[in-house]
Amino acid sequence: MSQNLTDKNGVEIATLAAGCFWCTEAAFSIIKGVERIEPGYTGGTVTNPSYEEVSTGTTGHAEAAQIYFDPKVISYKEILEIFFTVHDPTSLNRQGADIGTQYRSAIFYRNKQQKEVAEKLIAELTEEGIWDKTIVTEVVPLQTFYNAETYHKDYYKKHPKEPYCQAVIAPKIAKLQHRFIDKIKVPL
């Protein structure tokens, strides 16, 4: 499987599953070089699944996000470093209270280059011993990505006061802002 790394404008795409796609989208939306993010579903067997279907855990799909970024501003490796910061890559099929295969940690690579970067970074992080447990992030080829329903787009931006957003997403954003201050679009 090999897909182009960049579109006609030189924008590269990373497809990542880090638990709830609302969290992933919110985190990457503040990163310099990220042009846009599309929440959706990938990695399963059901064609054009709905949120309700994916939520059952029976479709094989993960909640994921396609992150469109300018590789002249931020590299794929840096995107992955942020990915590993905003979720727990040692938690199998869950992130916090979100439980099921739809919340698994996965990198869906588009070609051999992305696969190699992902595998090398996982090896480096493992060697550094950052986590007490083994990294369980899947590194698998991207097949088909299905965009999520419109109401999921910009969820955190539209609903920042909702309890889930306050309890789960806001702390991730704060951690990201602290850890990657030089990568944040607008200084806070």
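User: What angle and what distance describe the packing of helix 1 and helix 6?
Analyst: In this predicted model, helix 1 (residues 21-28) packs against helix 6 (residues 163-179) at an angle of about 35°, and their axes are 10 Å apart. The crossing of helix 1 past helix 6 is right-handed.

User: Which residues make the contact?
Analyst: Helix 1 contributes Trp22, Cys23, Ala26 and Ala27. From helix 6 come Tyr164, Val168, Ile169, Lys172, Ile173 and Leu176. By class, nine of these residues are nonpolar, none is polar and one is charged. Lys counts as charged, so Lys172 of helix 6 is the charged one.

User: Why is Asp70 called buried?
Analyst: Buried means under 20% relative accessible area. Asp70 has 15% relative accessibility, so Asp70 counts as buried. Asp70 sits in the loop between strand 3 (62-69) and helix 3 (76-85).

User: What makes the pair of Asp70 and Lys72 a polar contact?
Analyst: A polar atom of the Asp70 side chain lies 2.8 Å from the backbone nitrogen of Lys72. The cut-off is 3.5 Å, so the distance of 2.8 Å falls within the limit.

User: Which residues does Asp70 contact beyond its neighbours within four places in sequence?
Analyst: Those residues are Gly33 and Glu35. Gly33 is 37 residues from Asp70 in sequence, yet their C-alpha atoms are 5.1 Å apart.

User: Which residues touch the most other members of the largest nonpolar core?
Analyst: In this core of 42 residues, they are Leu16, Phe28, Ile31, Ile67 and Ile79. Leaving out residues up to four places away in sequence, Leu16 touches residues including Phe28, Ile67 and Ile79.

Definitions and conventions: Residues numbered from 1 in each chain as written. Predicted model: local features only at pLDDT ≥ 70, side-chain atom pairs only at ≥ 80, totals over all residues. Heavy atoms only, no water. Axes fitted to C-alpha atoms, helices over the stretch in contact; angles between N-to-C directions. Helix = DSSP H or I, 4+ residues; strand = E, 2+ residues; numbered from the N terminus. Left-handed = near helix turned anticlockwise from the far one by under 90°. Contact = heavy atoms within 4.5 Å. Buried < 20%, exposed > 50% of the residue type's maximum accessible area, 1.4 Å probe, protein only. Polar contact = N/O pair within 3.5 Å; in protein donor to acceptor, adjacent residues only side chain to side chain. Core = buried A, V, L, I, M, F, W, Y, C linked by side-chain atoms within 4.5 Å.
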